[in-house]
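Colleague: Could we go through a few features together? I would like to learn how to read them.

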Amino acid sequence: MTAIHVTAIVDPGAELDSSVTVGPYTVIGPHVKVGAGTTIGSHCMLEGHTTIGCDNRIFASASLGAAPQDMKYRDEPTELVIGDRNTIREFCTFSRGTVQDAGVTRVGDDNWIMAYVHIAHDVQLRHHVILANNATLAGHVHVGDWAIVGGLSGVHQFSRIGAHAMIGFQSHVSQDVPPYMTVSGNPLAVHGFNAEGLRRRGFSVERIAQVKQMHRLLYRKGYTLEQASTEIEALKGGVSDGDDDVQLLLGFLAASTRGIVR
């Protein structure tokens with residue numbers, strides 16, 4: 001039987017798995033769905049068309065599924081969708097999407113989201129991402145797998161952060177950050193690539209060396225973006241299991257609309 005504290009208010013229309021735990025003074029609205037094994041702390045607010053997967057840990061005073069902070073919003077039935085095994089710490093705020101985008105704010109699986117993080121409307125957060133305290137993602141931001149965003153950092157709307165990228169503490173991100181790169185500061189600057197993160201994720205020595213070479217071609221040779229892309233393309237076939245890394249970076253560069261941090 002679902003363990004709902006006597007002071008919690010759960011709308012009869014909400015759909016909670018029988019194994020869900022709900023803490024004191026939490027309020028859950030009629031269109032909320034929560035999967036098996038998820039725990040919800042005290043004083044949380046879950047509202048709107050919000051779907052939460054399995055085995056998430058939601059700590060006290062989180063606000064999930066509120067209307068987007070967008071002046072164009074007119075009460076359309078947009079969504080927030082959260083995957084499985086996420087840790088969402090105290091006072092986080094996740095907004096629903098808008099009809100100006102896909103209408104869905106999406107958080108993937110196995111993310112570690114620290115206190116006071118804001119995920120705005122239409123953000124697309126992939127898997128295994130770390131968002132440190134007070135990181136703020138504006139509307140329409142996309143964040144790739146295994147990326148890390150440092151505390152007190154702000155990400156401008158429509159910006160993209162590539163897989164395995166690392167954003168340093170208190171950074172101002174207003175352009176796209178390519179996969180694998182390490183950036184920080186205001187103005188934002190590239191300081192290398194995320195070698196330690198790749199080692200921890202089981203990348204071979206050869207794959208890491210190839211990522212290092214891609215970093216050099218993109219940032220240390222003085223090439224134009226087109227020239228660097230041509231040189232990076234030529235690395236294909238050189239490292240076992242390395243072609244996916246090359247294609248990931250090339251695909252990101254080709255799709256960039258805000259320009260990459262230089």
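Colleague: In β27, which residue is the bridge partner of Met 166?

Modeller: Thr 182 is the bridge partner of Met 166. A word on the source: this is a predicted model, where local features need pLDDT of at least 70, side-chain atom pairs count only at pLDDT 80 or more, and totals for chains, interfaces and linings use all residues. Residues are numbered from 1 along each chain as its sequence is written, and side-chain values use heavy atoms, with hydrogens and water left out.

Colleague: How many bridges join β25 to β27?

Modeller: Two strands pair if DSSP finds at least two bridges between them; strands are DSSP runs of E, at least two residues, and helices are runs of H or I, at least four, numbered from the N terminus. Here 2 bridges join β25 (residues 166–167) to β27, and the strands run parallel. β27 also pairs with β28 (residues 189–193), antiparallel over 4 bridges, and there Thr 182 has Gly 192 as its partner.

Colleague: What lies between β27 and β28?

Modeller: The two strands form a hairpin with 4 residues between them, and Gly 185 in the turn has a positive phi of about 100°.
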